[in-house]
Amino acid sequence: MIKIKDLTYQANDKLILNNISLEIEQNKITGIIGKNGSGKTTIIKHLSKEIKSKNSIFIDGKDIDNFNVKNYSKKIAFVFQEIDRTEGFTVKEIISLARYPYKKFWSDYTEEDRKKVEKAIEQFSLEKIENRQLTYISGGELKLTLIARALAQDTDIIVLDEPINHLDIDYQIKLMKTLKEIKNKTILMTIHNLELALKYCDNIIILNSGEIQDSGAVEIVINEENIKRAFNVECSITECMGEKIIIYKQK
């Protein structure tokens, strides 16, 4: 379980996060929503240790500062917004890098490693492009590749920073549907699309100016009042063809 306790962060005399305390439910998809600048990515950066958490973030009761790099990589996998099209690497080779924390010094990948990689490729339907270099695949395929790599890392926790950002709608739906089908993983993601969050997330955290506005089950937290307060826009939530949709009102 991820536990964040009294996390405060200030940069250039600006308060970015103010006394954030959270517990992320195990084996669920939790989405973090909020306006740009509300602090969503800053939480991810603390989790990844890009920013020091100062004894505020714990995984399974252990301060993340007390994990070494290799053991932390066995516990939690990250997919960031910035995408690097590493030249010379194929899709399969990039996904295989996820098994590096499990390799012994100078040893080759084991049969178990290969099975984890093949399973991730299959789960994200990447078989047709697994031998292509990253420079010859689309942005959507690249994002799926990086998330498949996180899955092959075989961690209890996967953290995704805006995984559907800049993706065509078909890739957005495919990605969210695939994440929903993954079992026994705790998935934490920042997300802008409220309708996809409403459909595929189990829990939601709303950040507003660096503070937690609300958190809990998605069907409770995503409501007209919270959307108006967090995004300064009026809306109504209704059902269409058995699914909830959000209708935004023009000012």
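How near do the axes of helix α4 and helix α5 come, and at what angle do they cross? The axes of α4 (residues 111–123) and α5 (residues 139–152) come within 9 Å and cross at roughly 140°, where axes are lines fitted to C-alpha atoms, for helices over the stretch in contact, and angles run from 0 to 180 degrees between N-to-C directions. This is a predicted model, in which local features need pLDDT of at least 70 and side-chain atom pairs count only at pLDDT 80 or more, while totals for chains, interfaces and linings use all residues. Residues are numbered from 1 along each chain as its sequence is written, and side-chain values use heavy atoms, with hydrogens and water left out. Helices (H or I, at least four residues) and strands (E, at least two) are DSSP runs, numbered from the N terminus.

**Helices α4 and α5**

- The two helices α4 and α5 are therefore oblique to each other, given that angles under 35 degrees count as roughly parallel, over 145 as roughly antiparallel, 65 to 115 as roughly perpendicular and the rest as oblique.
- α4 passes α5 in a right-handed crossing, a crossing being right-handed if the near helix is turned clockwise from the far one by less than a right angle, and left-handed if anticlockwise.
- Lys116, Val117, Ala120 and Gln123 in α4 meet Ala148, Leu151 and Ala152 in α5, contact meaning heavy atoms within 4.5 Å.
- By class, this contact of α4 with α5 has five nonpolar, one polar and one charged residues; Ala, Val, Leu, Ile, Met, Phe, Trp, Tyr, Cys and Pro count as nonpolar, Asp, Glu, Lys and Arg as charged, and the others, Gly among them, as polar.

**Helices α5 and α6**

- The axes of α5 and α6 come within 10 Å and cross at roughly 15°, and the two helices are therefore roughly parallel to each other.
- Their contact is made by Gly140, Glu141, Leu144 and Ile147 of α5 together with Tyr171, Lys174, Leu175 and Leu179 of α6, and its residues divide into five nonpolar, one polar and two charged.

- Strand β9 (residues 203–208) runs antiparallel to β10 and is joined to β10 by six bridges, and the bridge partner of Leu207 in β10 is Ile212.

**The hairpin of β11 and β12**

- Six bridges join β11 (residues 235–240) to β12 (residues 243–248), and these strands run antiparallel.
- Cys240 has Glu243 as its bridge partner in β12, and Met241, in this hairpin with two residues between the strands, takes a positive phi near 55°.

**Gln153**

- Gln153 is found in the loop between α5 and β7 and is buried, with a relative accessible area of 13%, where buried means under 20% relative accessible area, exposed over 50% and partly exposed in between (1.4 Å probe, protein chains only).
- Leaving aside neighbours within four places in sequence, Gln153 is in contact with Ser73, Ile76, Ala77, Ala98, Arg99 and Tyr102.

Note on methods:
Pairing = 2+ DSSP bridges.
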